[in-house]
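Hi,

Here is the structure I promised to pass on. My notes on it follow below.

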Amino acid sequence: MTDTSGQLSKERTNVGVIGGGAWGTALAMHAAAMGHDTIIWAREKEVAESINDPAVKENTTYLQGYKVPEALRASNDIKAVVAHAEILLMVIPTPFVAATMSTIRDSLRPEQIIVSCTKGILNDTLETVNQILTRVVPETLHGQLAYLSGPSFAAEVAQGMPTAVTIASKSDTVAARVQLLLSTPRFRCYRTTDVEGVELGGALKNVLALACGISDGLNFGCNGRAALITRGLSEMTRLAVALGAHPLTMGGLAGMGDLVLTCTGDLSRNRTVGIRLGKGEKLKDIIDSMKAVAEGVLTSRSAHQLAQKLNVECPIIAGIYKVIHENADARAVVSETMSRELRAEVDPELFEAAARQR
Ligand SMILES: NC(=O)c1ccc[n+]([C@@H]2O[C@H](COP(=O)([O-])OP(=O)(O)OC[C@H]3O[C@@H](n4cnc5c(N)ncnc54)[C@H](O)[C@@H]3O)[C@@H](O)[C@H]2O)c1
Ligand SMILES: O=P(O)(O)OC[C@H](O)CO
């Protein structure tokens with residue numbers, strides 16, 4: 001494929017990437033390949049060393065096999081990365097967002113844009129990343145927050161494969177700026193002001209990917225997987241709308257797009273965890289064998305608790321919660337879910353509302 005990166009915008013800026021996992025690395029590779037002066041903060045010394053070493057130029061810990069651009073630098077000094085950046089991509093797994101961002105709270109500048117690329121819902125507080133960031137970063141920066149989500153496996157972005165994502169911000173100006181700074185002919189960014197929809201789509205699809213993995217691990221076939229994706233999207237939409245999202249966002253890249261990718265793509269860590277569970281491995285053994293984070297494991301608890309709290313019917317999410325956190329037998333959970341009271345596919349009230357709008 002011809003490299004046409006950078007045809008859309010000529011503007012080049014300083015990018016800082018907070019988080020040296022697979023996705024942080026792929027996004028840093030993308031930004032550096034575009035010509036942005038990019039530094040990635042990695043928590044682990046060996047990650048920064050392997051990215052910086054001219055003989056290696058690779059994140060051998062989290063994204064092995066993909067050479068990073070010569071120009072990409074890595075650092076273990078998070079404050080130096082913040083000082084460098086006009087735009088900060090935050091790519092920290094959800095459980096570590098608050099602690100990591102607290103360490104740089106006082107180093108952030110009001111004109112900086114912070115783009116969360118993280119997909120999860122915190123346990124206990126049940127906060128989305130947007131809620132964590134508005135709690136942790138100074139108020140002067142709240143209008144500068146944006147969220148990048150959508151179907152995007154790190155390994156494919158690292159290879160420059162065509163990818164489309166969504167950038168959400170309460171400020172359309174901020175979303176448009178991030179969109180322009182990150183879009184290339186291989187990496188197309190859309191934009192929206194529906195922060196809740198984009199965040200919840202990205203977080204909840206991980207729970208459904210676990211479900212599809214379990215189903216595939218049990219050899220339950222293609223019919224079952226399609227049913228899980230479709231009914232899963234209904235649950236995601238009901239829950240996200242109850243939390244303030246726009247329903248149409250759930251049919252877009254951050255909702256259905258990422259749901260389909262993660263429920264069917266073999267690169268998904270969440271789907272892989274599900275497959276291994278379905279084949280009979282213990283969750284602890286699976287987690288212990290992985291360096292990467294499968295966000296759906298913890299988000300399944302948060303999503304189930306949010307559904308209960310808001311009284312939103314989410315039987316698949318409830319079933320995954322039982323399998324993951326209560327050690328329930330997956331076959332029994334499937335049988336129980338399929339034997340629930342029979343119902344209309346779409347809530348009749350929704351049909352009536354749609355008819356009234358015609
Ligand atoms: N990998 C992908 O394809 C992909 C794509 C889109 C979104 N995401 C999302 O990006 C986020 C980050 O995932 P990733 O794939 O970059 O990471 P990863 O799973 O490859 O690696 C784990 C990351 O967690 C960090 N970490 C571990 N303990 C930590 C601690 N105590 N404090 C701070 N950081 C700690 C590690 O340094 C490493 O950067 C997740 O929310 C994930 O869902 C991932
Ligand atoms: O590998 P997963 O399951 O964490 O999914 C990665 C991305 O979120 C896909 O868009």
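The contact comes from Pro315, Ile316, Gly319, Lys322 and Val323 on helix 14, with Ala330, Val333 and Thr337 on helix 15 (C-beta atoms, placed from the backbone, within 7 Å). By class that gives five nonpolar, two polar and one charged residues (nonpolar: Ala, Val, Leu, Ile, Met, Phe, Trp, Tyr, Cys and Pro; charged: Asp, Glu, Lys and Arg; polar: the others, Gly among them). Helices here are DSSP runs of H or I, at least four residues, numbered from the N terminus.

Before you go further: this is a predicted model, where local features need pLDDT of at least 70, side-chain atom pairs count only at pLDDT 80 or more, and totals for chains, interfaces and linings use all residues. Residues are numbered from 1 along each chain as its sequence is written, with chains lettered from A and ligands numbered from 1 in the order in which they are written.

Now ligand 2: 14 residues surround it, the closest being Ser152, Asp258, Ser268, Arg269 and Asn270 (near is a C-beta atom, placed from the backbone, within 6 Å). Helix 8 (195-217), helix 10 (253-264) and helix 11 (269-278) each give two or more residues to that shell, which divides into five nonpolar, five polar and four charged. Ligand 2 lies between domain 1 (14-193) and domain 2 (203-357), because both give residues to its shell (bounds from an automatic or database domain assignment).

Cheers

Notes. Two residues are in contact if their C-beta atoms, placed from the backbone, lie within 7 Å.
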